[in-house]
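Please keep the sequence and the 3D view at hand while reading.

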Amino acid sequence: MSFIRVASAGEIPPGSARRVAMAGRTVAIFNCGGVFYALDDRCPHEGGFLSLGGVEDGRVDCPVHGAVFDLRTGRALEPPAGETALPADVRAYRTRVL
């Protein structure tokens with residue numbers, strides 16, 4: 001598996017995210033307590049940028065309707081606010097800090 005350098009660890013403070021272009025995709029890189037995760041940046045529900053969502057306890061919430069995703073797996077954990085169905089999962093990528 002090959003990795004693509006997208007940022008320095010110091011460029012993404014704990015509790016924040018950064019949107020990057022990677023291999024034709026827009027990916028959000030998250031720093032959750034010093035552990036880095038990468039997910040496709042668009043919520044499959046309404047297309048909100050996950051890189052603008054809140055990051056806490058290994059989860060990110062979509063800033064548009066509040067869908068919640070697991071940073072490690074990209075799995076949808078909670079449906080958007082006011083709805084009962086979960087959105088589709090988002091793609092997760094392996095990360096590495098050098």
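## Model and confidence

The mean pLDDT of the protein is 91, and 99% of its residues reach 70 or more; the coordinates come from a predicted model. Among the elements of the protein, the lowest mean pLDDT, 91, belongs to strand 1, whereas strand 6 (residues 68-70) has the highest, 97. Where pLDDT is low, predicted coordinates should not be read in detail.

Four strands make up an open sheet, in which the order is 1-2-3-8 and the pairing is antiparallel. Strand 1 (16-22) and strand 8 (92-93) stand at the edges of this sheet, and each has a single partner strand, so one side of each is left without a neighbour in the sheet.

Between strand 1 and strand 2 (residues 25-32), the antiparallel pairing runs over seven bridges. One point of reference for this pairing is Ala17, whose bridge partner in strand 2 is Phe30.

## Salt bridges

How many salt bridges does a search of the whole structure find? The search finds four, and three of them, described here in turn, involve Arg18, Arg19 and Arg25.

Arg18 forms a salt bridge with Glu11, and the closest N and O atoms of this pair are 2.6 Å apart. Arg18 is partly exposed, with a relative accessible area of 30%, and Glu11 also counts as partly exposed, at 40% relative accessibility.

In the salt bridge between Arg19 and Asp41, the closest N and O atoms are 2.8 Å apart. Arg19 lies in strand 1, while Asp41 lies in the loop between strand 3 (35-40) and strand 4 (55-56), so the pair ties together parts that are 22 residues apart in sequence. Arg19 counts as partly exposed at 39% relative accessibility, whereas Asp41 is buried, with a relative accessible area of 0%.

The side chains of Arg25 and Asp40 meet in a further salt bridge, at 3.2 Å from N to O. Because Arg25 lies in strand 2 and Asp40 in strand 3, this pair ties together parts that are 15 residues apart in sequence. Arg25 is partly exposed, with a relative accessible area of 35%, while Asp40, at 15% relative accessibility, counts as buried.

## Charges over an aromatic ring

Which ring does the charged end of Arg19 sit over? The ring is that of Phe49, and the charged end of Arg19 lies 3.9 Å from its centre.

As for contacts between aromatic rings, the count of aromatic pairs comes to zero when the centres are required to lie within 6.5 Å.

## The nonpolar core

The largest nonpolar core has 15 residues, of which Phe30, Leu50, Val60, Phe69 and Leu71 touch the most other members. The elements that give two or more residues to this core are strand 2 and strand 3, and the largest share, three residues, comes from strand 2.

Phe30 links two parts of this description, for this residue is the bridge partner of Ala17 and is also among the core residues that touch the most other members.

Terms used: Residues numbered from 1 in each chain as written. Predicted model: local features only at pLDDT ≥ 70, side-chain atom pairs only at ≥ 80, totals over all residues. Heavy atoms only, no water. Pairing = 2+ DSSP bridges. Phe/Tyr/Trp six-rings, centres within 6.5 Å; stacked < 30°, edge-to-face > 60°. Lys NZ or Arg CZ within 6 Å of the ring centre and 35° of its normal. Buried < 20%, exposed > 50% of the residue type's maximum accessible area, 1.4 Å probe, protein only. pLDDT = per-residue confidence, 0-100. Core = buried A, V, L, I, M, F, W, Y, C linked by side-chain atoms within 4.5 Å.
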